[in-house]
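Subject: Structure handover

Hello,

Here is the structure I said I would pass on. Please open it alongside this message, as the notes below follow the elements one by one.

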Amino acid sequence: MKIAANLSMLFNELPMAERIMAAKVAGFDGVEIQFPYELPAIRLKELLERAGLPLVLINLPAGDFVQGGPGLAAVPARQDDFDAALAQALRYAAEVRPQRVNVLPGRLADGVARASALACLVANLRRAADAFAELGIGVCCEAINRLDIEGFLVSGSAELAELIAEVDHPNCSAQLDFYHMARMGEALPASVAALAGRIG
């Protein structure tokens, strides 16, 4: 088993540029950075090469999601912003070569019907999957529990499985986070079974 360090969560006493080597020294096999865009791509590439660690995952820019907003991927009125975020992530990923890019569903936006939000998300996941396939980089999407993040659009393994099935793209898979499934009260074997064949 290989274990990657989420540098957005770990080694927070250090600047981001120093966390990669800290992960190497601690014995991790790779790193994940949720939103690495504060570091120039060429700089991050150099740091990864120096440490000899792969970049396992980054997130597509998510707009105001971290500040409590709905994000970009499932908001029809923010399509231009999503397109710009996708273009930014493609440029960045072409340099740093993450194994996967995570597209966060975000929260259900005020005044948007859930069905419309999901249709927007499905279309954007397909577009992202197409675009990143040309770079040989996988796209994934995850469910996040609604106890920690109220109003999150996709929460629980069944909802995530339905979403990935609807996207129906060979370059789009599920990212299964055991913490979030446990917070939703799911037994972990059941979560894995629900997403069988869809986990990237």
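I start with helix α2 (41-51). Its buried residues pack against α1, β2, β3 (55-59) and α3, where packing means contact, that is, heavy atoms within 4.5 Å. Helices here are DSSP runs of H or I with at least four residues, strands are runs of E with at least two, and both are numbered from the N terminus.

Before going further, a note on the source: this is a predicted model, in which local features need pLDDT of at least 70 and side-chain atom pairs count only at pLDDT 80 or more, while totals for chains, interfaces and linings use all residues. Residues are numbered from 1 along each chain as its sequence is written, and side-chain values use heavy atoms, with hydrogens and water left out.

Helix α2

The buried residues of α2 are A41, L44, L47, L48 and A51. Seen down the helix axis, they fall within an arc of 125°, so they line one face of α2. The arc is that of the directions from the helix axis to the C-beta atoms. On the other side of α2, E49 and R50 are exposed. Buried means under 20% relative accessible area, exposed means over 50%, and partly exposed is in between (1.4 Å probe, protein chains only). As background, an α-helix has 3.6 residues a turn, so residues three or four places apart point the same way. Just after α2 comes G52, with a positive phi of about 70°.

Helix α1

Helix α1 covers residues 16-26, and M16, R19, I20, A22 and A23 are buried in it. These residues cover an arc of only 165° around the axis, which puts them on the same side of α1. What covers them includes β1 (4-6), β2 (30-33) and α2. G27 follows α1 and has a positive phi, near 95°.

How the helices pack

For each, axes are lines fitted to C-alpha atoms, for helices over the stretch in contact, and angles run from 0 to 180 degrees between N-to-C directions. Angles under 35 degrees count as roughly parallel, over 145 as roughly antiparallel, 65 to 115 as roughly perpendicular and the rest as oblique. A crossing is right-handed if the near helix is turned clockwise from the far one by less than a right angle, and left-handed if anticlockwise.

α1 with α2: the axes come within 9 Å and cross at roughly 20°. The two helices are therefore roughly parallel to each other, and their crossing is right-handed. From α1, the residues A17, I20, M21 and K24 meet R43, L44, L47, L48, R50 and A51 of α2. By class, this contact has seven nonpolar, no polar and three charged residues. Ala, Val, Leu, Ile, Met, Phe, Trp, Tyr, Cys and Pro count as nonpolar, Asp, Glu, Lys and Arg as charged, and the others, Gly among them, as polar.

α2 with α3: these pack at an angle of about 30°, with their axes 8 Å apart. That makes α2 roughly parallel to α3. The crossing of α2 and α3 is right-handed. A41, I42, L44, K45 and L48 in α2 meet Y92, E95 and V96 in α3. The residues of this contact divide into six nonpolar, no polar and two charged.

α3 with α4: α3 (residues 79-96) and α4 (residues 114-133) have axes 11 Å apart and pack at an angle of about 25°. They are therefore roughly parallel to each other, and α3 passes α4 in a right-handed crossing. On the α3 side the contact has Q79, F82, D83, L86, A89, L90 and A93, which meet C120, N124, R127, A128, A131 and F132 in α4. There are nine nonpolar, two polar and two charged residues in this contact.

Single residues

Two residues other than glycine have a positive phi. F11, with phi near 60°, sits in the loop between β1 and α1. R97, with phi near 55°, lies in the loop between α3 and β4 (100-102). R97 is partly exposed, with a relative accessible area of 42%.

D81 lies in helix α3 and is partly exposed, at a relative accessible area of 44%. D81 and A131 are 50 residues apart in sequence and 16 Å apart in space, C-alpha to C-alpha.

Regards
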